[in-house]
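Here are my notes from a pass through the model you sent over. Have it open while you read.

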Amino acid sequence: MKKIALALVIASVALIAPAAQGASSHALIQGSGSSWAANAINQWVADVANQGLRVVFTANGAAQGRKDYANRSNDFAVSDIPFRGKDPTTGQADTPLGRSFAYLPIAAGGTAFPYHVEVGGKLVRNVRLSGETIAKIFTSKITNWNDPQITKDNNGHALPSIPIIPVVHSEGAGVTNQFTTYLAKQFPAIWASCNGGLAKETEYFPLNCGRSSGNQKAQAGSDGVMNFIKSAGANGSIGMEEYSYPLLANFPAAKVLNKAGYYTLPTQYNVAVALTKAIINNDPSSPTYLTQKLDYVYTNADRRTYPLSSYVYAIIPTAADDSRMTTAKRQTIADFLYYSICQGQAEIGPVGYSSLPVNLVQAGFQQIAKLKTADAGVDLTKRDVRTCHNPTFIPGKPNQNYLAKIAPQPPACDKLGAGPCAAGAGAFNANPGTAKPGATNPGTGPAAPGATPTAGSPGTGKAPTTGDPTLGDGTVDGSDATAAGNVVATTLPADAGSGPPAALTVLVIALLALALLVPAGVGRWLVGRRGGTP
Amino acid sequence: MSAARLSAVRRGAAVLVATLLAASVLTPVASAAAAAVTKERTVTRTAIAADGSSTQLDRRTVKLSVSATSNLRGRQEITVSWSGAHPTGGLVGDVNAAEGANQEYPFVLLQCRGVDSTSVPPAKRIRPETCWTQTWAERFRNDNTTAYPAWRSDADATAAERSARVNEASPRPKLCGRPALAERWVPLVGANGTTYAGGTVGCAGMAPESANVGGSGIPSNTTYGITGKDGRGSSRFSVWTAEENATLGCSSSVPCSLVAIPVMGIDCDGFGTRLPAAQRPDAEAGAQADADCRADDVFAPGQLALPGTRPNQATAGALWWAPSNWRNRISVPLGFAVAPSVCAIVSKAKPLQVYGSSLMNEATGQWQPKFCTDKALDPFVHVQTADTSARTLLQAGTISAAFSSRAPDGGFTRPVVQAPVAVTGFAIGYVVDDANGERYTQLRMNPRLLAKLLTESYPGNALVKNSYPALSGNPVNITLDPEFQALNPGLPEKTNTEAAAALLTLSSEADLVYALTSYLDQDPAARAWLDGAADPWGMVVNPKYKGLDLPVYSWPLLDDTLAPKSYIDGWTNPCYSNSPSPYLALIANPTAFVSTIVLNMQYAISNVNIECPNGDRNDPSTLRLQTQGRQQPGFRFVLGVVPLSAVSRYSLTAARLQAGPGSSAHPETASFVAGDDTGLAAGARLFHADAANKTWTVDYPALASARGKDAYPGTIPVFADVPTSGLAKDDAAKAAELLRFAATDGQRRGIANGQLPPGYLPITRANALGALAGYTLRAAKAVAAQQGFVPFLDPAQDPKPAVVAKPPAGAGPGAVPGSVPGAVPAAVPGAPAGAPVTLAGVPVTDQLRTLGAHSALGYGVPVIGFAGLVIGLAGAVLRWAPRKVRR
């Protein structure tokens, strides 16, 4: 009996001994660039701190991030676009100055249009705009919120006469490039008339179409843009910003009309749906491998599409002789990006981004592997898609996106010529699988009329209020809002195997049995030795 | 087995559990405070004449004090202060920049690998080659105007060190160009033995952590400290581990030192009297070298540097490595904490995601590694987002758990427990230099002053003051406000520091801002002033904010006034003229991230966004307003709202805040309380138990009353909001586990993994918060059960069905709950699981599915089984043993 007990002790100790930590060493890395992606990156930086990774990220704009990279003053850059030689509109130089590089996508998101329109001292929260209306607003062809074209977007419900203040970034910003690419492709004539005749994208927005004065404002950085829009003097303003910024500030963003005739928000679902039509450069030998072409995203005919969806990229040094790199730094870049494109994807949906599909994650791993090619000391063991928990994955179908499959349909009130819906409808970013079975679907989740939770509207300086003004009757018609298909949440094979190993199960059963038998046996034995009951 | 024997077995189990409890309570807490170190040294400067006679030019006794030298963590800031040093001249703005080396008589602080002792092998001693500098210029000098620059006249240098070219890279890379008349290279030797020769622009190789150009990221820690005219000075010094700088490579096993070099100037031996005759300069060159070495200083003490003016080479910081300077060093050994174990990079476990409050950042930062390294716990991640947004997402059923500090207005519409997990608060962080240019540490603030800053009521600069009639009667900034001066006497007045007109705050929504604005709203003086009454000195609220309704979740920017037309049309600031926007909002310039405010308060960075460096009217890509950036030491003034927990972690200074009632006319007579444990405990005692909504709230009227005069008014509770119905089983189990931990082990103070960092008041019975801890434990059960039940604040009101008595399974011996200091009765679970006989009667596997770890049959089962076995055996033996003795 004693021997068995001893054996059990040893077995148990072996079972509960902590797994050995990886021995690879890390070093502080510094990155800079896109403020579009900064809300996601800052979260990942905080997350990996408890893995011993030190990452400093400075959100100084994509253009500056690429410049820093070229000047070798950062270890990685984050940018919405690749190095292009020069800005197609301004001619600003844009090269890596000979530094080696590889791109890999790290997140998806939507370029949103946060706005500040007050009626009767309250924020309007359910404005809808078509792409053409937006194009005309930012080229100063539509200058008042009571413009008939805006009224038409809102199904005949007119806003009062408030001059429009378009707000753009004053620094070279990825969001400007995303937006002007959309304008150049979708509304070339409107855009060219504002951009010196060029239907080309740019990172530097031509303020007031290059005229010396006008209704537009340029603000520095995402903070500057959001601060301006939120300020009391900015009634009538509309800007462009990644969706996480209006979400953080609890400020409304305009719903944008898609090709199918629905006005949508850049929720993680609608972005995922839209990006199923992104054309990714799949030629590993191309210097712009993995970069995006969004022409078909803009025109994606799925009703759930948010047209201004895009990916954002990390730029990493791949040369073996890169002067800033050490084994420890490469390891840190590899592990930080592994976290970002894997587990990091699972948490960013509710805060305003969308997850990468599995094929891009896999391609990302190939790019990360270049760090090991440059330096054999980098350890990439087990850093692969099987440990990702990425909410987009469907086993065996690397080109499909689970988020896009389960994305809820827009409510009928979001249709062109219907509605408009109440504020909050179609606005929520549920993580798949967290809502209880039978709960309202995430697209319309909390938007029951009258129960819309709206916390403080900063523009009015008032604590939480209910009953913000809405355009129209604010109806929500949920009848059209059912998820497409019955895709069952699954995991990749490796995850499916994470249950108890057979040996463990046997051991557990044996232990339980022994736990019942041994004390009784020992007691009986002791009693037996003493002879008789007490 | 008889009933009597059974009870004896139970007694044995109870004894064992009690022993475990005692052991875990007595586990020593990592000592956070390290004693300060003080050292003293007499330093001299000598000159040697042509005849070899020496004259002492200067002699001083320097005292050095270092705030912490042991158990250091990466990027930890320590305070170094000194007295008795030579005053510094040619002052620069950034003492961490390479330009600082051009100051005369700086007090140089360096982190060097090795110790300053002859008892260790030479390779483990400090020397200039093991000291970190960020740029090549700090360790390379050349001269083409004379063959005998000051460093070659160094009387303390060996003959070899005084030759024309010292430590030149060999072979000399082409990139380095032709040799100058005199060159001194100071290579850097890395921890792994690699030598980086350096040279002009790093032509012969630099360490990977070096910067090519001034860039983004964290500043260098090499400090060219400024000594005031009184011989005193102080500086923060950020210590680095191998994680931050692998070349330097300091760790718990690789000892390093802080080296302070009070630069006194080169000991001049221009005539070369200490050199072998063959190496001496000729008479003419010797006389010139002597004159150069003994040249007058270019700057007077305290004088600012002038662009393009070169300092006296012999007394500049650039020669910190010269033996004359190096021999005057004072070195202090630095001990580093063992790096805490960290989460595995690769993990199959899918973490629970908890969204919300940035007030929890430091606590979750220390809890998370515990959760992912302890097999009994499941990992979680804390996704920071606006509190309001987290509540909305939770309300909508789209996330599983949130950290926040308030119930949503109108309450949750679904069953959600608000379980207290932390008592912390907001703090007003600051960097303010006093009249001597030293860091002020006694700042006091009151609600009216905070209201003045937030309402954009200080004009900020002359431009606004002269053009904005409504504000022209107000002081330009807070330093000129008599109320501020009454609270903080003796601080220098600043006339053109826009940052002194602003309190940097969050632009995203946060309960922290709600708490701050509740504090302002409840103070009668602040409220009256906001409503339009002038303060006793005549300052009035910005009319755009008059009557502002508080509290709010994010501070509104209400002033829409542009800079005057003449300023816009004059294009003196092309970035602004290109796109005029409300000017005072650019001074306030709130930010979306708490981390930005913390960084700005750590490095005295002004967030005022009105600068236009290199703005070219004809090049729109240059027309971007920029923030003012780092302020010049000696002249700093920044204020910002930060989480209290960041104050200790990043060595910030935080203001004491008016507590209880204040006097409008004599604000200095009020009580001022710091956000320490005492202040937080007094604040927490005033929490209002809101039985109807099943939560605790901060009682602002009580805080503003005489009852609040010892209470820190920034005290804020943080709750984990978790639904008690509708959660997936897996998430419910993980959330319950987090709550149990937060109510017990997670409240143990310390800076190790799993402990509660400074800035949080432990939720314990000792701090009169036993009711909160008990509630969180009951909440854990309700969350695990997912029956839609939300516990009552008063445990007596809770129903008593079997479901409540369920033991928290899945907690192995290593994580016995109930080890909370001041144990809460409900938290002693040992008995049911421990008694082998009852085990059979309890549906163990069922519980584990609800409450257990990673999978249906994780390691929890064997652990419990094993515990039961041990306890059973122990019980039997214990029962038997005493009898044997009695016989």
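The points below go from the ground rules to chain B overall, then through selected helices, strands and loops.

1. Ground rules. This is a predicted model, in which local features need pLDDT of at least 70 and side-chain atom pairs count only at pLDDT 80 or more, while totals for chains, interfaces and linings use all residues. Residues are numbered from 1 along each chain as its sequence is written, with chains lettered from A and ligands numbered from 1 in the order in which they are written.

2. Chain B overall. Chain B has 23 helices and 27 strands (DSSP runs numbered from the N terminus: H or I of at least four residues for helices, E of at least two for strands). Of its 887 residues, 57% are buried (20 or more other C-beta atoms within 10 Å of the residue's own; 12 or fewer is exposed, in between is partly exposed, and C-beta atoms are placed from the backbone). Among chain B contacts between residues at least 6 apart in sequence, 73% join residues at least 24 apart (a contact means C-beta atoms, placed from the backbone, within 7 Å).

3. A helix pair in chain B. H18(B) (residues 729-743) packs on H19(B) (residues 770-785) at about 170°, the axes being 8 Å apart (axes are lines fitted to C-alpha atoms over the stretch in contact, and angles run from 0 to 180 degrees between N-to-C directions). The two helices are therefore roughly antiparallel (over 145 degrees; under 35 is roughly parallel, 65 to 115 roughly perpendicular, the rest oblique). Residues making the contact include B:Ala732, B:Leu739 and B:Arg740 of H18(B), plus B:Thr776, B:Leu777 and B:Val783 of H19(B). By class, that contact has 13 nonpolar, one polar and one charged residues (nonpolar: Ala, Val, Leu, Ile, Met, Phe, Trp, Tyr, Cys and Pro; charged: Asp, Glu, Lys and Arg; polar: the others, Gly among them).

4. Two covered helices. In H6(A) (residues 174-186), 11 of the 13 residues are buried, so the helix is largely enclosed by the rest of the structure. H5(B) (residues 387-395) has nine of its nine residues buried. What covers the buried residues of H5(B) includes helix H9 (244-249) of chain A and, from chain B, strand E17 (416-432) and helix H9 (511-522). After H5(B) comes B:Gly397, with a positive phi near 75°.

5. A covered strand in chain A. All five residues of E1(A) (residues 29-33) are buried: A:Ile29, A:Gly31 and A:Gly33 on one side, A:Gln30 and A:Ser32 on the other. Four bridges join E1(A) in parallel to E2(A) (residues 55-58) (strands pair if DSSP finds at least two bridges between them). A:Ile29 sits opposite A:Val55.

6. A sheet in chain B. The order E18-E23-E24 makes an open sheet of three strands with mixed pairing. Its edge strands are E18 (444-445) and E24 (671-673). E18(B) runs parallel to E23(B) (residues 656-659), joined by two bridges, and B:Arg444 stands opposite B:Arg656.

7. Backbone spots to look at. Cis peptide bonds join B:Ser170 to B:Pro171 and B:Leu550 to B:Pro551, with omega about -5° for B:Pro171's bond. B:Pro551 lies in the loop between H10 (524-530) and H11 (565-570) of chain B. Phi is positive at B:Val201, near 50°, and at B:Asn589, about 35°. Are these two buried or exposed? B:Val201 counts as partly exposed, with 15 C-beta neighbours inside 10 Å, whereas B:Asn589 is buried, with 27.

Key. Two residues are in contact if their C-beta atoms, placed from the backbone, lie within 7 Å. The expected span of a helix is 1.5 Å times one less than its number of residues.
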